[in-house]
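Hello,

Here is the structure I promised to pass on. Please open it and read my notes alongside.

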Amino acid sequence: MPPVSSYLFNHLCMILFECLSLINLLCADTRETAFVNAVVAAGVTYTVTQACSSGHLLQCTCDKTMKGLSADGQWEWGGCADNVQHGYKKSREFMDAKYRKRSDLKTQVMLHNNEAGRLSVKNFMRTECKCHGLSGSCTLRTCWRKLPLFRDVATRLKEKFDGAAKVIPGNDGKTIIPEVATIKPPGREDLIYSEESPDFCNPDRVTGSLGTAGRVCNSTSPGVEGCELLCCGRGYETRTTKTRVNCHCRFKWCCEVTCKVCTVKKHVNTCR
Ligand SMILES: *[C@@H]1O[C@H](CO)[C@@H](O)[C@H](O)[C@H]1NC(C)=O
């Protein structure tokens, strides 16, 4: 598996590429933009933190601030703790610094979502431990703070995307408030937006929507990836693809593995 940093790099490149082709979409202030901003801010926090721990950066190392015995006296702080404070700070500098002086609605929304992305990493650090002692007897246990899995960060942000709150400028012109006064004001970890999403069903140059024609969908899923919703009622086409894979593998003593080649048929649905 490639390291997360290269995965993230590819991910960022993909976002950048999409940004160039979908500039209008990302310069809007929709729920989708909120998610992209938060994921990028979380990704920068994550990557910088990881680079600190692996010794790839000169400016930072493991976090050594947690020392001594744990609060319950059961184990000791030790090992290489992920330095999320540094990752958080660098992400803030990199993503927010040049917008800090502006106070228009779009900028405020963006800064809020960047922060939500960073907090989805920083507030969910895990504690990982290791046993020492003869044959793992665990007479001494050391623990350190470790980054959450990025998959869990992304899942959390997807949940925030689903529950994002629409906001409007407050009367003082400085604060932002929920459009619907009855809902709970969004917290620091929540995502916010100020413009409704365009209709993503059909291509639209002005909004930057590519439309969903040609998208791969799942004919049995009731969710957003299901053909019913994704194809916006236009229906879908089914193609059968054949791929050759190794199968009926046998282990021959010693040491050889022989396989047959099987053809697997797969049905791929694409939206009309
Ligand atoms: C399609 O959706 C069904 C129901 O949600 C799910 O069980 C199945 O794994 C999905 N298929 C693929 C290829 O994702």
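Start at the ligand. One of its oxygen atoms is 3.5 Å from an N or O atom in the side chain of threonine 220. Another entry concerns asparagine 218: a polar side-chain atom of this residue lies 2.4 Å from an oxygen atom of the ligand. Asn218, Thr220 and Ser221 surround the ligand; a residue counts as near a molecule if one of its heavy atoms lies within 4 Å of it.

Two notes on the source. This is a predicted model, where local features need pLDDT of at least 70 and side-chain atom pairs count only at pLDDT 80 or more, while totals for chains, interfaces and linings use all residues. Residues are numbered from 1 along each chain as its sequence is written, and side-chain values use heavy atoms, with hydrogens and water left out.

Now the overall layout. The chain is divided into domain 1 (29–194) and domain 2 (212–272), with bounds from an automatic or database domain assignment. Their C-alpha centres lie 36 Å apart.

Next, the helices. Helices (H or I, at least four residues) and strands (E, at least two) are DSSP runs, numbered from the N terminus. Helix H3 covers residues 31–53. Its 23 residues reach 33 Å from first C-alpha to last, close to the 33 Å expected at 1.5 Å a residue. The expected span is 1.5 Å times one less than the number of residues. Glycine 55 follows H3 and has a positive phi, near 80°.

Which residues of H6 are buried? They are Phe150, Val153, Arg156, Leu157 and Phe161. An α-helix has 3.6 residues a turn, so residues three or four places apart point the same way. The face turned away from the buried side carries the exposed residues Arg151 and Glu159.

Aspartate 96 lies in helix H4 (residues 84–96). Aspartate 96 is buried, at 0% relative accessible area.

Then look at the sheet. An open sheet of three strands runs in the order E5-E4-E6, with mixed pairing. Its edge strands are E5 and E6, as each pairs on one side only. Two strands pair if DSSP finds at least two bridges between them. E4 (residues 165–169) and E6 (residues 192–193) pair in the parallel sense over two bridges. E4 and E5 (residues 176–178) pair in the antiparallel sense over three bridges. They form a hairpin with six residues between them, and glycine 173 in the turn has a positive phi of about 75°.

Most residues other than glycine have a negative phi, and most peptide bonds are trans. Histidine 248, in strand E10, has a positive phi near 45°. Histidine 248 is exposed, at 59%. Cysteine 232 has a positive phi near 55° and is partly exposed at 28%. The peptide bond from cysteine 254 to cysteine 255 is cis, with omega near 20°.

Best wishes

Methods: Buried < 20%, exposed > 50% of the residue type's maximum accessible area, 1.4 Å probe, protein only. Polar contact = N/O pair within 3.5 Å; in protein donor to acceptor, adjacent residues only side chain to side chain.
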